[in-house]
Each structure stands twice: as structure tokens, then as C-alpha cells.
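Subject: Handover of a structure and its findings

Dear colleague,

Please find the structure below, passed on to you for your own reading. My notes on it follow directly after.

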Amino acid sequence: MASKKLLLLPGDGIGPEAMAEVRKIIGYMNSELKSEFVLDEGLVGGSAYDAHGAAISEADMAKALAADAVLFGAVGGPKWDSVPYDVRPEAGLLRLRKDMELFANLRPAICYPALADSSSLKKEIVEGLDILIVRELTGGVYFGEPKEIRDLGNGQKRGIDTQVYDTYEIERISGVAFELARTRGNKVTSMEKRNVMKSGVLWNEVVTATHKTKYSDVKLEHMLADAGGMQLVRWPKQFDVIVTDNLFGDMLSDIAAMLTGSLGMLPSASLGAPDAKTGKRKALYEPVHGSAPDIAGTGTANPIAMIASFAMCLRYSFNMIAEADRLESAVAGVLDDGLRTADIMAEGKTRIGTAEMGDAILAKFRALAA
Ligand code: NAD
């Protein structure tokens, strides 16, 4: 790949602290592995509001659209709780998702062996867990029209949201799921509510047809979304890739997330359609957690979710599979060594801060490359 243009948007709160640890890894990759990442940086969220009066400036938006990948930290905090709705910190992230047309949200739920004891489920149920939830991100009930609270004129009001999916939206999200499954366990479970929702009936039909025409080598199973939620906590290791709509994906990915312990451990990726000429997908990588204002500035945040988001970026945007594997192994290795930030601290382990965790992961990463 000729260029590797990365835009860093650290954001607010612990965002910049976690991003600093990724910057160390990129610095090492550029100087010693000759990875040739070209870095640019911008403002998003509250920091962008303070500088430009907008949750992201037009100039930074243009940089995001021109980049090969965007690394996003976190936005928000009490300082900006009362800014106008349109320029609230989250509006920056929503604008990025919308303008980059990021329709596929990837949320892995991986349980590192060293952290199996900190799950709310029994160790044998989660140890070694590695599933990927692919959530449709730009359609469905969060965006469908009409969307309003209607005054019925008789003292009553009616709240209306509309669940709506077109064939092409289901085809493209299921295509992403099937393609990813081919690189993993080769199995997709599609979840909807075809028993009570017309959009669920169409979802089921289109996923089945997409599978038949293009991906029949991948194992496909269908499961009602409520049963899927139950199965996720009963025996999650039965799943490889789960594909589902925006609403169910929102809930199912949070359930899957908590199987694996702390918010500070969870990465995510949001992908767009492949460019017709280059085949490259627009992509944004971000930790699942927010800006954690309660610990911002204390040097105690866990940078693993941000670092693991960068590993996803290596894997999905730059096809640097060996490096991504090695970075993920470095994270697992540091946990095996008993090093822990405060959020994942356990008896008998060694508590360290954000920068020490970043340094330890970089040292392992470097050792694994040797
Ligand atoms: P949060 O994820 O910021 O924090 C929830 C709890 O988890 C806090 O106790 C926090 O200290 C802890 N935590 C989160 N990440 C951690 C990490 N990396 N290491 C250690 N501990 C960690 O969620 P919240 O408190 O509900 O929201 C705080 C702010 O973040 C709000 O302004 C919210 O709107 C915003 N937010 C932003 C995003 C985003 O940028 N994508 C996502 C969620 C929330």
C-alpha cells in the first residue's frame, strides 16, 4: 500500500491520554519497522467546540474523509454538558459516522485468559472467548422516518420511531459479516425478530439470499434476537460472527462486552463501503468507552481499548495481519505478566498507570518482533 494516512482525533478526557500510548507504538513502528504511517491530528468533541465552536471543524472533517483511517479517542465531559444540542461533543462522532458513511460497526468480544476471573460469568464459559458482533450502524429505528412525538389533541401524545431497512442495506452489512467470518471461524449467526417484525422477515430473506449467491462456503445460522441475547450469556463460545441490525446490535454488543470484563479493554471499528476505484474502505477505530471524566488527568486510565483499536486498524485498514496479531499478543502477554491498570486490578497483581501500561505493551510488541 502506497500511503498510510492516519488521522488521530484524541478528543476529550482520557482520550488524549490513551492516544498518547498508541502514538508511542506508531513511533516505534515508523522508526524501527519502517511502517511509514503519515500522521495528522485534529480536534473533536469538547476540545473542538472550545477551539472552533463546532464538535468538529470543516477542515478536520475534510482530513477525516481524505485519511486511510481515523483513530478516535473519546469525547464529552461535564464542561460541555450545557452547550447547544447541535454542537454537543457527541455530534462530532455522529458527523464522522454519517459523512464517512460508516455503516458497519465491528465489536469484538475477546476474553483474555488472564482476565477470565473478572467476568460476571463462570471462568469456563468465557475463557478463550473470541466473537465478533457486526452491527448495522446507519439505518433502522434510530434513523427511520417518521420519528416524532405527535400531539394527538386529546391530552395524549404518541411517540413514534420507525424501523426501516432496504434490501441493499441488509446485503452490504451481511456481506461484511460473511467476509470477516472467512478470516475467522467461518460461521455467521444472523439475529432479528422475524416472528414479530416485517423488517425482520426481510432481514432474514436477504441474509439467506446473500449467503446463497455469494458466501455459501460460510456456515450461516439464524437466531431470534431475544434468544440470541440469552445464548450470549448461556454459552457465548458457540458464536463466531454475529450480524444484526442497529437496535439489536446496540444491546447485544453491550451484553457481549460485559462478558469480557472492563470497558477499558474494548475496541471497535466502523467501516464504510469499499471505494469503487481503490477498494479501500473508509474506517474509524475507537475504544468503546467514553472520556471517563472521573479519572481524566490522573494517569490511571487503561489504554488497552485504544491500543486494541489500533490493532484492528492494522488488520482491517492496512492488512498488516502479522503486526495486528503481534500487538494483540503483546496485550495478552502483559496481562499474563500480572500487570494491571486500576480498572482491572485483582489481588496479587501489580498495579500500574496509563503510560506504564503503554510502555509494557510496546516492550512486549518489540520483543515479539525480534
Ligand atoms: P465512560 O465510558 O466515560 O466511563 C464509565 C466508567 O468506566 C467510569 O467510571 C470510567 O472511569 C470507567 N472507564 C471508562 N474507560 C476507562 C478506561 N479506559 N480505563 C479505566 N476506566 C475507564 O462513560 P460515562 O461516564 O457514561 O461518560 C463520560 C463521558 O463520556 C460523557 O460525556 C459521555 O457522553 C461520553 N461518552 C463518550 C463516548 C465516545 O466518545 N464514544 C462513549 C460513551 C460516553
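Which residues in H6 meet which residues in H7? From H6 they are Thr167, Ile170, Glu171, Ile173, Ser174, Phe178 and Arg182, and their partners in H7 are Leu202, Trp203, Val206, Val207, Thr210, His211 and Lys214. Sorted by class, this contact has seven nonpolar, four polar and three charged residues. Please note that the model is a predicted one.

Helix H6 covers residues 167-182 and helix H7 covers residues 198-214. The two pack at an angle of about 50 degrees, and their axes are 9 Å apart.

I turn next to helices H1 and H10. H1 (residues 15-32) packs against H10 (residues 304-316) at an angle of about 45 degrees, with 8 Å between the axes. That angle makes H1 oblique to H10. The crossing of H1 and H10 is right-handed. On the H1 side, the contact is made by Ala18, Met19, Glu21, Val22, Ile25, Ile26 and Met29; on the H10 side, by Met306, Ile307, Phe310 and Leu314. Ten residues of this contact are nonpolar, none is polar and one is charged.

A further pair is formed by helix H3 (residues 58-66) and helix H4 (residues 89-99), whose axes come within 11 Å and cross at roughly 40 degrees. The crossing in which H3 passes H4 is right-handed. Glu58, Met61, Ala64 and Leu65 in H3 meet Arg95, Leu96 and Asp99 in H4. Four nonpolar and three charged residues make up this contact, with no polar ones.

The last topic is the ligand. There are 21 residues around the ligand, and those that come nearest are Glu90, Gly290, Ala292, Asp294 and Asn302. For glycine 290, a backbone N or O atom lies 2.7 Å from an oxygen atom of the ligand. For valine 75, the distance from a polar backbone atom to a ligand oxygen atom is 2.9 Å. For glycine 77, a backbone N or O atom is 3.1 Å from an oxygen atom of the ligand.

With kind regards

Note on methods
Residues numbered from 1 in each chain as written. Predicted model: local features only at pLDDT ≥ 70, side-chain atom pairs only at ≥ 80, totals over all residues. Heavy atoms only, no water. Axes fitted to C-alpha atoms, helices over the stretch in contact; angles between N-to-C directions. Helix = DSSP H or I, 4+ residues; strand = E, 2+ residues; numbered from the N terminus. Contact = heavy atoms within 4.5 Å. Nonpolar A, V, L, I, M, F, W, Y, C, P; charged D, E, K, R; others polar. Near = heavy atom within 4 Å. Polar contact = N/O pair within 3.5 Å; in protein donor to acceptor, adjacent residues only side chain to side chain. Parallel < 35°, antiparallel > 145°, perpendicular 65-115°, else oblique. Left-handed = near helix turned anticlockwise from the far one by under 90°.
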